[in-house]
Amino acid sequence: MLYKLSAILIVLFLLSGCEEQQNPENNGDGSIKNETSTNSIPVEAIEIKSKVIEQTLPLTGILEPNNSVDLIAEVSGKVIKIEKQLGDYVKARETLAIIDDVIPESQYNQAKAQVLSAESNLNIAEANFESDKMLFENGDISELALKNSRLTFDNAKAQHLSAIAALSTSKKSYEDTRINSPISGFISRKNIEYGTMVSLGTRTYRVVDLSKLKLMVSVPQEVINQVRVGSKANVIVSALNDASFQGSVKRI
């Protein structure tokens, strides 16, 4: 019986000790001191900013002139003079070669003479008509004579216009014997020599304008959506000792 009582007392003592440990401490004035345990965890923060990421795409292309033109013979005949050679620089409307122009020049001069003659006849007919009008008003000539004078004047005007048209045609034929460049640039091709017989439509020269160049580049389809009009391009030309030039995308 004594052993059982001792066991019970020990258990009660242990329970009492546990309660004391679980009860909050007193501050001495009756208030309860509450302690909270806090564990701090270090966190690394990274500031995220938006920015443009540039990607360089190495591509290979072909340089082409900004403008080029093939000069076509507009008349048939023999080349009698070569003014410019391959590689020469020419200005706009400058003559590169001349095709036989003896007949076209004669026709041109004859047309100019016909214009002068028609113009002279027109002036005479006009003066006669003005004079006949005064005579008719004074009753010195009949109405029929005045009408004939008017018809002569009108016919002179028609002949003058016809002569001007013929002059324009002969002038065109004469000028076509001159192979002129419509643009300024360098001669990149020359297909004729002195004495060459050319026909209508023969290619004689090619002139290229190198003041600006355009680069034709094939872009793979997997990256084409990364290219935009206005995108900057650094162009390295191997033919010019790897000289570097700045450009931009003009058209896709």
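Let's start in the sheet, where strand β5 (residues 89–90) and strand β8 (residues 185–190) run antiparallel and are joined by two bridges. Strands here are DSSP runs of E with at least two residues, helices are runs of H or I with at least four residues, and both are numbered from the N terminus. Two strands pair if DSSP finds at least two bridges between them. Across this pairing, V90 sits opposite G185 in β8.

A word on what you are looking at: this is a predicted model, in which local features need pLDDT of at least 70 and side-chain atom pairs count only at pLDDT 80 or more, while totals for chains, interfaces and linings use all residues. Residues are numbered from 1 along each chain as its sequence is written, and side-chain values use heavy atoms, with hydrogens and water left out.

Now step across from β8 to strand β10 (residues 203–217): these two pair in the antiparallel sense over four bridges, and I187 stands opposite V207 in β10. β10 also pairs with β3, again antiparallel, over 11 bridges; here M216 in β10 is the bridge partner of I62. Put together, the strands form an open sheet of four with antiparallel pairing, in the order β3-β10-β8-β5. β3 (61–72) and β5 stand at the edges with a single partner strand each, so one side of each has no neighbour in the sheet.

While you are in β10, have a look at D209, which lies in this strand. D209 counts as buried because its relative accessibility is 17%; buried means under 20% relative accessible area, exposed over 50%, and partly exposed in between, using a 1.4 Å probe and protein chains only. Leaving aside residues up to four places away in sequence, D209 touches P65, N66, N67, I183, S184 and G185, where contact means heavy atoms within 4.5 Å. D209 and F186 are 23 residues apart in sequence, yet their C-alpha atoms are 6.6 Å apart in space.

Finally, turn to helix α2 (residues 102–137). Its 36 residues reach 53 Å from first C-alpha to last, close to the 52 Å expected at 1.5 Å a residue; that expected span is 1.5 Å times one less than the number of residues. Which residues of α2 are buried? They are P104, Y108, A111, V115, A118, L122, A125, F129 and D132, and the buried residues of α2 pack against α3 (143–175). After α2 comes G139, with a positive phi near 80°.
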